[in-house]
Amino acid sequence: MNRRDFGLLSLGAAYSFLDTDAFAQSAPAPTPPPAPPMSADALADKVQAFYDQAQTYQAEFKQRYTIYAYNRTKDSSGKVVFAKPGKMRWTYNSNGNVVVSDGREIKIYEQENSQMYLQKVDKTQYPAALSFLMGKGSLKQAFVLSMLDAQQLDFPGGYVLLGTPRDPTPAYQKIILYIDAASFLVRRSLMLDAQKNRNRFDFGAARVNEPVAPGTFQFTPPPGTNTIRP
């Protein structure tokens, strides 16, 4: 993830999803029965309750950023860690990039360019779609919510929640969350901006409330890195 990609997240989403499920097994799984009917607000409450009790969240992710005008995609993968209050770290496998926040400051390190961008958290446009993962924000307060048809979106047995930001942001216009019906974990996040670009994340191998290694939310770039502040 580079600075532009991070700004269009969200954090963390993440992503026309199940057609290329990044964490699917080699053999096709049987189609689960439809999830019980639920209103958008009731579903948001369930998701919120799950993440409110989670002190830490760790997962693998696959990201696909699509530039609509040129029909170009950029794929990335790595690991993400969230911890309350407001801490996170995205570590990319392929390019060595790191996005880390200690809850006060965000560091976005681009290995290829030998650059690191620093910005105070309260000066960033934190993606509200991921803020609840870090113990901040409320889905119902941040978004006007509605349900989408999970079967039509090839997410059988789960829920799909559409959110429109109550406070307009240039980072994205819509967020779509793909939610596990049994655990209410967010399995996928898809953000769409005004130019119809898409930032999609698939989350897999999630672990909740497990200890996080010391120093996870600290990062010192290699010598010679150009540090940029706004």
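Buried denotes a relative accessible area under 20%, exposed one over 50%, and partly exposed a value in between, computed with a 1.4 Å probe and protein chains only. This is a predicted model, in which local features need pLDDT of at least 70 and side-chain atom pairs count only at pLDDT 80 or more, whereas totals for chains, interfaces and linings use all residues. Residues are numbered from 1 along each chain as its sequence is written, and side-chain values use heavy atoms, with hydrogens and water left out.

**View 1. Val-212 in the loop between β11 and β12.** Val-212 counts as partly exposed, because its relative accessibility is 24%. Leaving aside residues up to four places away in sequence, Val-212 touches Thr-56, Gln-58, Val-81 and Phe-217; contact here means heavy atoms within 4.5 Å. The C-alpha atoms of Val-212 and Tyr-57 are separated by 8.9 Å, although the two residues are 155 apart along the chain.

**View 2. Asn-209, a residue with positive phi in the loop between β11 (198-208) and β12 (226-228).** The phi of Asn-209 is about 60°, although this residue is not a glycine. Asn-209 is partly exposed, with a relative accessible area of 38%.

**View 3. Strand β9 and its two pairing partners.** Strands (E, at least two residues) and helices (H or I, at least four) are DSSP runs numbered from the N terminus, and two strands pair if DSSP finds at least two bridges between them. Strand β8 (residues 158-165) runs antiparallel to β9 and is joined to it by six bridges. Within this pairing, Tyr-159 has Ile-179 of β9 as its bridge partner. Six bridges also link β9 to β10, again in the antiparallel sense, and Leu-177 is partnered there by Ser-189 of β10. Five of the seven residues of β9 are buried, so this strand is largely enclosed by the rest of the structure. In a regular strand the side chains alternate between the two faces of the sheet.

**View 4. The turn of the β9-β10 hairpin, with Phe-184.** Five residues lie between the two strands of this hairpin. Phe-184 is found in the loop between β9 (174-180) and β10 (186-192). Its phi is positive, at about 65°, although Phe-184 is not a glycine. Which side of the burial cut-off does Phe-184 fall on, buried or exposed? With a relative accessible area of 14%, Phe-184 is buried.

**View 5. The cis peptide bond between Lys-84 and Pro-85.** The omega angle of this bond is about 0°. Pro-85 is found in the loop between β2 (72-83) and β3 (87-92).

**View 6. The largest nonpolar core, of 36 residues.** A nonpolar core is a set of buried Ala, Val, Leu, Ile, Met, Phe, Trp, Tyr and Cys residues joined through side-chain atoms within 4.5 Å. Val-47, Tyr-57, Val-80, Trp-90 and Ile-179 touch the most other members of the largest core. Helix α2 (residues 40-52) gives the most to this core, contributing six residues. Apart from it lies another core, of nine residues, including Ala-83, Met-116, Phe-217 and Phe-219.

**View 7. The chain as context for the close-ups.** The chain holds four helices and 12 strands. Of its 230 residues, 47% count as buried. Its accessible surface comes to about 11600 Å², of which 51% belongs to carbon and sulfur atoms; the areas come from the Shrake-Rupley method with a 1.4 Å probe, and for residues only the protein chains shown count as cover.
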